[in-house]
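User: Hi, I am new to this one and would like to be walked through it slowly. Could you take my questions as they come?
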Amino acid sequence: MSKAFGIVTSSGTHIKVDGMQDYRPIGAFSFMGRYRVIDFPISNMSNSGIDRIQVYARRKPRSLVEHLGTGRHYNINSKRGKLQVLFSETSSANDFYNTDIAAFMENIEIIERMQIHQPYVVIAPNYMVYTQNFDTLLDTHIESGADITLLYHKVNNAREAFLNCDILNLNKQKGVESIEKNRGTAKERNIFMDTYIMKTELFVSLIKKAQKVSSAYTLPQIVNMECEELDVRGVAHRGYFATITDFKSYFDANLSLIDFEQATDLFDPEWPIYTRTTDSCPTQYFEGASIKNSVVANGCLVEGTIENSVIGRGCQIKKGAVVKNCVILAQAVIGEDVHIENQVVDKWAQVLHVKEVVADPDKPGYIKRDDTI
Amino acid sequence: MKQNNMLAMILAGGRGSRLHDLTNKVAKPAVSYGGKYRIVDFPLSNCANSGIDVVGVLTQYESVLLNSYVAAGRRWGLDTKDSGVYVLPPREKADANLDVYRGTADAISQNIDFIDSYDPEYLLILSGDHIYKMNYAKMLAYHKEHNADATIAVIGVPMKEASRFGIMNTDETGRIVEFEEKPAQPKSNLASMGIYIFNWKLLRKMLIADMKDPDSNHDFGKDIIPALLNDGKKLVAWQFKGYWKDVGTIDSLWEANMDLLDKKNELDLHDSTWKIYTEDVSALPQYIGPDATVDRAFITQGCRIEGDVKNSVLFTGATVGAGAKVIDTVLMPGAVVEPGAVVTRALVADGVKIGKGAVVGSADSENILLVAKNVKGVE
């Protein structure tokens, strides 16, 4: 059993994914046709031997809770391990106060009780996609003697991307000098992956301290404030990294993984990403179907043309339909002779009557859940 | 048991020797089918969907994989407090020598204690190597409605093929008056599917008598059914309509897979009201590359396709390299067709690799080619 327990946080109030987030938290967003975004942090934890995991749920938790279930599909021991969903019930009408710290405060006894078995905590967000061995990261943290270890990813497109994320300012010894918002002022930045390792005891004291300083404080803000006092260090992450922090980044992250080489940067056969099965049968391609450069989940019926797209479980692409640069979520139907391009089609939606749904690749469109157009 | 007082026993001990190398290491019920399934998933899912909670699986031949596979009852949702899948290979007993199951009836006889522990009113006997979807609850309702001692599921087969089957001759009420095993001159086309519902008390008595009979084959078709008819018991035929296949040979296994390519195939695995459940594999969704073509195919997760796939069924993790062609072929789990290779009218066994540029099978072969060993590439 790991020396750490896991916390999977939900996105802060500054993150907004238009459309999709009206129906479910980002953690429950469909990803690559068969996964949900939260499968990544939980599988990372499970594969690292962390089998006591708290998932924080803020708004519209139904779909998330349904997906998580008992956590058995994440390979978490059903007796020794535990997957808890913790709700923030006293959320304020003013979103300003609905911080991660407020959610932790609400469940502080449960966090404190974790200390008995797990002296460390690994915190990871439910809105970022990456694989990381937390067990080796924990070893690095302990060996370094640091108080807090933060995971970051070095990028060279911070001017136009990752604009809803925080960045780490590091000194030469990888010490974190400060955490601040990415304001898009420089190309090269260390994007903070909202992933922390520290002693549970320190985590509890930071939560309490943050509440005293400001009732609107968030975890990165209090850690930033403590940077001078505490030994806070950054560790660079390698491999595929994507954030789902706005609509465009959701669209782009899905399409980026159609490239198999890119996907092997994220998916390692020795590091399985678990998800909940829906027991759908294989996908059936009919005579005349044409499909290129795409990722398709099971249970689909394909008669039309698919290009450069991600197709979720149980979708139907009818005869004559052309699907290009799209992310189609589970159970959607693209009707006969419909031409659809640069769109996210949400679950159960049917595009039947409007025969041309084309958007600009820089401004992908969105078809609502359950909608018929 | 709470649901309908019927316990199911699946006969899964057979080798299926006409499947040749496919069953060298696994019993026929564990053979892969339909992209992501094993044959035994069908009777097990049917049980789960029919509200049967307790299923015994009688295994014998090469049962290591099969035993561990079916023991995970949660795959079919058979893991509630009152349900379970129980693996029952032959065992040593205090009052008898360790012996193999000598026949289908003997397999049940040797597990009377297991069945008694659930005290069922009805016993459903199934075969572990048939592909079909059936609601056993409907069959049980028919059994009760007709006050039968035993009900046998039958399926209409073409008259000219009837002499290959066990044929049930019935009267106008559906009561079975005669059973003929592979008759030269069949009188009816109702073939037994090897699916029986018995009143357990009666069957129990018959089995105990059968065990003591030195001349018996201890077989349901050869011994138990004729004995029941001799005793004047009420046996009725319940006619099943739908897809049913006993895949005995490489050709028929290939064909059963190809059936899935039909637009209106009767098995309809897409039907969400009667799902077939199986092992939950952690695999990527299927990747279709930029230069791939896919025309009339049944493909599952974990596959990666860079070449051309036509009229084929690809199982979990099968890969087709760039420039390779896979035509009229079944690629079993993990089969690899390397770049430039051409595979036609073949069934490529689990994990088998067809090397670069190799040409395997031919479009006008009479039989389907079973490729059970790696094929070297052509440099």
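This is a predicted model: local features need pLDDT of at least 70, side-chain atom pairs count only at pLDDT 80 or more; totals for chains, interfaces and linings use all residues.

User: Okay, how is chain A divided?
Analyst: Chain A is split into domain 1, which covers 4-266, and domain 2, which covers 284-367. Taken over C-alpha atoms, the centres of domain 1 and domain 2 of chain A lie 32 Å apart.

User: And how many residues of domain 1 of chain A are in contact with domain 2 of chain A?
Analyst: On the side of domain 1 of chain A there are 17 residues in contact, and they meet 24 residues of domain 2 of chain A. Between these two domains of chain A an area of about 1600 Å² is buried, and carbon and sulfur atoms give 69% of that area.

User: Which residues of domain 1 of chain A lose the most area there?
Analyst: In domain 1 of chain A those are Phe247(A), Phe251(A) and Ile258(A), which together make up 35% of what that side buries.

User: What about charges across that interface, how many salt bridges does the rule find?
Analyst: The rule finds one salt bridge across the interface of domain 1 and domain 2 of chain A. As for polar contact, one residue pair is found across the interface of these domains of chain A, with both residues at pLDDT 80 or more. Helix α8 (residues 247-256) of chain A gives the most to the side of domain 1 that touches domain 2, supplying six residues. Sorted by class, that side of domain 1 of chain A has nine nonpolar, four polar and four charged residues.

User: Switching topic, how many residues of chain B are in contact with chain A?
Analyst: There are 40 residues of chain B in contact with 40 residues of chain A. The area buried between chain B and chain A comes to about 3100 Å², with carbon and sulfur atoms giving 50% of it. On the side of chain B, His270(B), Pro285(B) and Tyr287(B) lose the most area to chain A, and together they account for 19% of what that side buries.

User: Which polar and charged links does that interface have?
Analyst: Two salt bridges are found across the interface of chain B and chain A. Asp79(B) forms a salt bridge with Arg72(A), and their closest N and O atoms are 2.8 Å apart. Between chain B and chain A there are also 25 residue pairs in polar contact, counted with both residues at pLDDT 80 or more.

User: Which strand of chain B gives the most to the side that touches chain A?
Analyst: Both β14 and β15 (293-299) of chain B supply at least two residues each to the side that touches chain A, and β15(B) gives the most, with seven residues. By class, the residues on that side of chain B divide into 18 nonpolar, 11 polar and 11 charged.

User: Which side chain does Glu279(B) meet in a salt bridge?
Analyst: The side chain of Glu279(B) meets that of Arg75(B), at 4.0 Å from N to O. Glu279(B) sits in the loop between α8 (250-259) and β14 (286-288) of chain B, while Arg75(B) sits in the loop between α2 (64-71) and β5 (84-88) of chain B, so this pair ties together parts that are 204 residues apart in sequence. Glu279(B) itself is partly exposed, with a relative accessible area of 32%.

User: And what does Asp113(B) pair with?
Analyst: Asp113(B) forms a salt bridge with Arg91(B), and their closest N and O atoms are 2.8 Å apart. Because Asp113(B) lies in helix α4 (residues 112-116) of chain B and Arg91(B) in the loop between β5 and α3 (104-109) of chain B, the pair ties together parts that are 22 residues apart in sequence. Asp113(B) is partly exposed at a relative accessible area of 42%, and Arg91(B) is partly exposed at 30%.

User: Last one, which residues are linked in a network of salt bridges?
Analyst: Lys28(B), Asp129(B) and Asp246(B) are linked in such a network.

Conventions. Residues are numbered from 1 along each chain as its sequence is written. Chains are lettered from A and ligands numbered from 1 in the order in which they are written. Side-chain values use heavy atoms; hydrogens and water are left out. Helices (H or I, at least four residues) and strands (E, at least two) are DSSP runs, numbered from the N terminus. Buried means under 20% relative accessible area, exposed over 50%, partly exposed in between (1.4 Å probe, protein chains only). Domain bounds come from an automatic or database domain assignment. Contact means heavy atoms within 4.5 Å. Buried area is the accessible area (1.4 Å probe) that two parts lose on being put together, summed over both. A polar contact is a pair of N or O atoms within 3.5 Å; within protein, one must be able to donate a hydrogen and the other to accept it, and residues adjacent in sequence count only if both atoms are side-chain atoms. Ala, Val, Leu, Ile, Met, Phe, Trp, Tyr, Cys and Pro count as nonpolar, Asp, Glu, Lys and Arg as charged, and the others, Gly among them, as polar.
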